[in-house]
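Trainee: I have not read a structure like this before. Please take me through it feature by feature.

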Amino acid sequence: MNRFLKILLPIGILVGSVTVAVLLARSGKPPETRERTAAALLVEVVRPEPSSGNFRVGAQGTVTPRIETSLVPEVSGKVVWLDDTLVAGGFFAAGQPLLRIEDSDYRTALAAAQAELAAARATLSDEQARSDAAREDFRRLYGDSRRPNELILRLPQVERARASVQAAEAAVARARRDLERTELSLPFDGMVRSRSVDLGQYVNVGSTLGIAFSTRQAEIRLPLAQDDLAFLDTPAAGPSDRSATLPVTLIAKVAGHEVTREARIVRSEGVVDRATRLTYLVAELDDPYGLNSDAAAIPIGSFVEAIIQGRDSSNLITLPVAALHNRNQVYLANAEDQLEILEVEIVRTTTREVYIRDQLGPDPRVIVTAIPAPIPGLPLNVRELGGNQARLRVLPADELAATTTADGGSAP
């Protein structure tokens, strides 16, 4: 009996539980159902800015001297004096003596040439007197009825003596120049890059004693892509035309500080590089070391960022580059916070900005957030950003210096 109870009792409990559950289910109300609604996508938007002023085209380059020359003696001899400025980094003025070569031999040569000149002049005076005497003797003998020939008047001897005087004068001038050349100077204000001579050293004509460059002006070669040149009124190749220059702002890091200087594009080199397909414009910077003004120095050899002022960009709209999708599409948030997709006409693209024709309508809100599957009418949860915030989202701060355009050039 106990055995049957152990078997039937669990079965009964199970059957009873199922019956109660079924009865409760039949007597209860069905659960409420809710309509499924699409979640709004969180996006960030900016207000487009009308472009004003001029296009800005960016490039990079290195500051180089406009005039650089080697210090080369024109006479030979032993170096007996060096100026204190004749050291690497030393500044000097135009015409300032930088070194002297021993001049005793050249003084002696000048004295000898002057003596030869005096002798030649004495000979010329003697021959001229002989010629005058022969002319007078001939006149006494023959009167004015006959004319003496050149041999009688000793004219060849006079011409030979005159030529000797001219040769002696040339020898004196040459000896004087050689004496002056024992003192070496340059015809411009400048700075010494290097020196390769010292006191007591014997130097020969044509040997290099150092290198110096002018501090009056410097140049920067700026490579630009052909697409960037379309936004510039580029000066012609060849000699500088001061009436056709482009303003350019140079930015450099000097001793840990950012230095900004104004310069000008003075010419194009007029050749497209075969390897890079770039064209070089040349910027000219006055007084790079700030010696004659209060301007901050940008030393020769400095790497600079250049922002060139281009053509007028009015009547265009400026957007951060993050606002451009699928090459020529812009996403808009309409008045009902829904997605709209608009194709635009792009005038210029840089790594930070896009210039487009004004096709966006009144008071547009442009989306700068990437949307994986854009569908017109998609509900949006809109958050508005300022223009600067949107630009910083495009490039981190440490990458803003490396501004190379998508078309191969560079941009501010």
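Mentor: Start with the surface: accessible areas come from the Shrake-Rupley method with a 1.4 Å probe, and for residues only the protein chains shown count as cover. Here the accessible surface of the chain is about 24,500 Å², and carbon and sulfur atoms hold 52% of that. This is a predicted model, in which local features need pLDDT of at least 70 and side-chain atom pairs count only at pLDDT 80 or more, while totals for chains, interfaces and linings use all residues. Residues are numbered from 1 along each chain as its sequence is written, and side-chain values use heavy atoms, with hydrogens and water left out.

Trainee: What share of the residues in the chain is buried?

Mentor: Buried means under 20% relative accessible area, exposed means over 50%, and partly exposed is in between (1.4 Å probe, protein chains only). Of the 412 residues in the chain, 35% are buried.

Trainee: How many helices and strands does the chain have?

Mentor: Helices (H or I, at least four residues) and strands (E, at least two) are DSSP runs, numbered from the N terminus. The chain has five helices and 24 strands.

Trainee: Which residues of H3 are buried?

Mentor: The general idea is that an α-helix has 3.6 residues a turn, so residues three or four places apart point the same way. In H3 the buried residues are Val158, Ala161, Val165, Ala168, Val172, Ala175 and Leu179. They pack against helix H2 (104–142), where contact means heavy atoms within 4.5 Å.

Trainee: How many salt bridges are there?

Mentor: A salt bridge is a side-chain nitrogen of Lys or Arg within 4 Å of a carboxyl oxygen of Asp or Glu. The count by this rule is 24. One of them joins Arg181 and Glu74, whose closest N and O atoms are 3.4 Å apart. That pair links distant parts of the chain, 107 residues apart: Arg181 is in the loop between H3 and strand E8 (183–184), and Glu74 is in the loop between strands E4 (68–71) and E5 (77–82).

Trainee: In the salt bridge of Arg154 and Glu127, what is the N to O distance?

Mentor: The distance is 3.1 Å. Arg154 lies in the loop between H2 and H3, and Glu127 lies in helix H2, 27 residues apart. Arg154 is partly exposed, at 24% relative accessibility, whereas Glu127 is buried, at 13%.

Trainee: How is a pair of aromatic rings described?

Mentor: By the distance of the centres and the angle of the planes. Rings of Phe, Tyr and Trp (its six-membered ring) pair if their centres lie within 6.5 Å; planes under 30 degrees apart are stacked, over 60 edge-to-face, and the rest tilted. The whole structure has four aromatic pairs. The rings of Phe92 and Phe188 have centres 6.2 Å apart and planes at 45 degrees, so this pair is tilted. Phe92 and Phe188 are both buried.

Trainee: What lies over the face of Trp81?

Mentor: A charge sits over a ring if NZ of Lys or CZ of Arg is within 6 Å of the ring centre and within 35 degrees of the ring normal. Arg100 lies over the face of Trp81, 4.3 Å from the ring centre.
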